[in-house]
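Work through the exercises below with the coordinates open. Each task is followed by a solution in steps.

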Amino acid sequence: MAIYHLSLKTISRSKGQSAVASSAYRSGSKLKDFETGEVKDFTKKHGVAYSEIQLPAQAPAKFTDREELWNAVEEKESKSNSQLAREVELALPSELERPTQIKLVHDYVQTNFVDRGMCADWSIHDKEDGNPHAHIMLTTRAIKKNGTWAPKQKSDYLLDENGAKVPQIDPKTGQQKIGARGRKMWRRTTESYMDWNDRSNAETWRKNWADSCNRYLKPEDQIDHRSYERQGLEQVPTIHEGHVAREMGERSERVQINRQIKTSNQQLLLLQQSLEALRDKIKELLERLQEAINERIRQSGLNRVNDEAGRVEPAEPAVSDRDTGAKIKQRQAQRRESATERKNRDVRQSRPSYARKSGIADPNFYVKRSGPSR
């Protein structure tokens with residue numbers, strides 16, 4: 001499977017770096033630094049497979065010579081902390097042949113950088129150690145239509161929410177400041193001339209590189225610019241080795257660590273595949289069980305319909321006038337009986353407590369049998 005790697009760096013004077021020397025090293029060429037007179041000779045460098053310069057339409061024709069291009073950059077970026085160039089380093093799919101790799105990088109550089117106004121100087125390195133990669137050096141300053149360098153920043157009037165210029169206020173008077181020759185002073189703002197330094201560019205360039213590679217790669221070799229965590233994969237990422245570690249081979253601790261990580265990831269992949277197969281089996285069994293339940297319910301419904309269709313309800317007996325009269329007399333008797341029971345219940349509840357306890361039914365029992373006192 002192809003690997004994904006893309007890193008962004010800056011080449012700057014504050015780090016003691018030189019754009020001329022960086023280009024000479026990456027292209028394996030011999031360049032002269034016009035400022036110092038030094039010659040940077042890397043023609044004996046091994047592993048430089050291809051180099052190319054791509055320029056926007058408005059760039060001077062002499063910039064096709066990398067010595068002219070980067071000396072012009074060095075001359076323009078004269079500050080001690082100036083950023084001289086941006087570098088994009090990316091891994092090339094070893095599954096692709098060299099002509100395909102060259103076309104892949106060329107089209108990627110053209111679409112993402114040159115069409116946006118950058119000058120690009122890039123080289124492919126391949127020491128036949130399974131790690132082909134490309135170094136892309138990009139200018140940090142745009143070129144105007146007349147072929148001259150544009151400023152890195154531009155100043156413009158600060159505008160309010162209505163699009164009107166915001167005045168500079170004198171804190172002493174509270175009034176708008178007045179400059180030379182009685183001119184009113186307005187607040188200004190500074191912004192980048194181009195949006196190349198926007199942080200969102202990094203994510204865009206990383207994604208576009210993955211998409212560009214995947215156009216040439218087989219489905220099983222596709223790459224993804226996202227981390228394993230963002231992809232939802234339970235894998236451990238390898239660490240960067242570098243050419244020094246690769247040359248050391250087994251003596252390098254980084255090489256040994258990466259081999260252990262790859263072995264662990266392979267074992268983890270086998271476990272994940274087994275788990276996925278088990279999940280598929282469980283899903284299949286659940287579907288079969290649900291089908292059986294649905295069939296059982298369907299059969300039960302059919303049986304109930306058949307039973308109801310074959311059932312014969314018994315006919316109600318005919319009602320005669322004699323039966324109707326007998327029922328009326330029966331209900332009247334029940335009502336008379338109920339009235340008698342209610343009357344007896346009322347009598348029992350009105351008796352004294354001693355009479356109720358002794359079970360005497362007539363509350364006047366003692367009154368009837370009592371005579372005059374002697």
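**Exercise 1: a helix pair**

The axes of α3 and α4 cross at roughly 145 degrees and come within 10 Å of each other. The model is a predicted one. Task: find the handedness of the crossing of α3 and α4, and list the residues of α3 and α4 that make the contact.

Solution.
1. Two packed helices are described by the angle between their axes and the distance between the axes.
2. The crossing in which α3 passes α4 is right-handed.
3. On α3 (98-112), the contact is made by Leu104, Val105, Tyr108 and Asn112.
4. On α4 (200-214), Trp205, Asn208, Trp209, Ser212 and Cys213 make the contact.

**Exercise 2: α4 by itself**

Task: compare the end C-alpha distance of α4 with the span it should have, then state which residues of α4 are buried and what covers them.

Solution.
1. The 15 residues of α4, at 1.5 Å a residue, should span 21 Å.
2. The end C-alpha atoms of α4 are 22 Å apart, which agrees.
3. With buried taken as under 20% relative accessible area, the buried residues of α4 are Asn201, Trp205, Trp209, Ala210, Ser212, Cys213 and Asn214.
4. The cover over the buried residues of α4 includes β1 (6-12), β5 and α3.

**Exercise 3: strand β7**

Task: decide whether β7 is enclosed or open, and identify strands that pair with β7.

Solution.
1. In a regular strand the side chains alternate between the two faces of the sheet.
2. One side of β7 has His133, His135, Met137 and Thr139, and the other has Ala134, Ile136 and Leu138; all of these are buried.
3. Because 7 of the 7 residues of β7 are buried, the strand is largely enclosed by the rest of the structure.
4. β5 pairs with β7 in the antiparallel sense over 7 bridges, and Thr139 of β7 is the bridge partner of Ala85.
5. β6 also runs antiparallel to β7, joined to it by 6 bridges; here Ile136 of β7 is the bridge partner of Trp122.

**Exercise 4: the nonpolar cores**

Task: which residues touch the most other members of the largest nonpolar core, and which element gives the most to this core?

Solution.
1. The largest nonpolar core has 30 residues, of which Leu90, Val109, Phe113 and Trp209 touch the most other members.
2. At least two residues of this core come from each of β5 (83-91), α3, β6 (120-125), β7 (133-139) and α4.
3. α3 gives the most, with 5 residues.
4. Beyond its neighbours within four places in sequence, Val109 is in contact with Gln54, Val114, Ala120, Trp122 and Ile136.
5. A second, separate core has 17 residues, including Ile11, Ala19, Ala24 and Ala85.

Conventions
Residues are numbered from 1 along each chain as its sequence is written. This is a predicted model: local features need pLDDT of at least 70, side-chain atom pairs count only at pLDDT 80 or more; totals for chains, interfaces and linings use all residues. Side-chain values use heavy atoms; hydrogens and water are left out. A nonpolar core is a set of buried Ala, Val, Leu, Ile, Met, Phe, Trp, Tyr and Cys residues joined through side-chain atoms within 4.5 Å. Buried means under 20% relative accessible area, exposed over 50%, partly exposed in between (1.4 Å probe, protein chains only). Helices (H or I, at least four residues) and strands (E, at least two) are DSSP runs, numbered from the N terminus. Contact means heavy atoms within 4.5 Å. Two strands pair if DSSP finds at least two bridges between them. The expected span of a helix is 1.5 Å times one less than its number of residues. Axes are lines fitted to C-alpha atoms, for helices over the stretch in contact, and angles run from 0 to 180 degrees between N-to-C directions. A crossing is left-handed if the near helix is turned anticlockwise from the far one by less than a right angle, and right-handed if clockwise.
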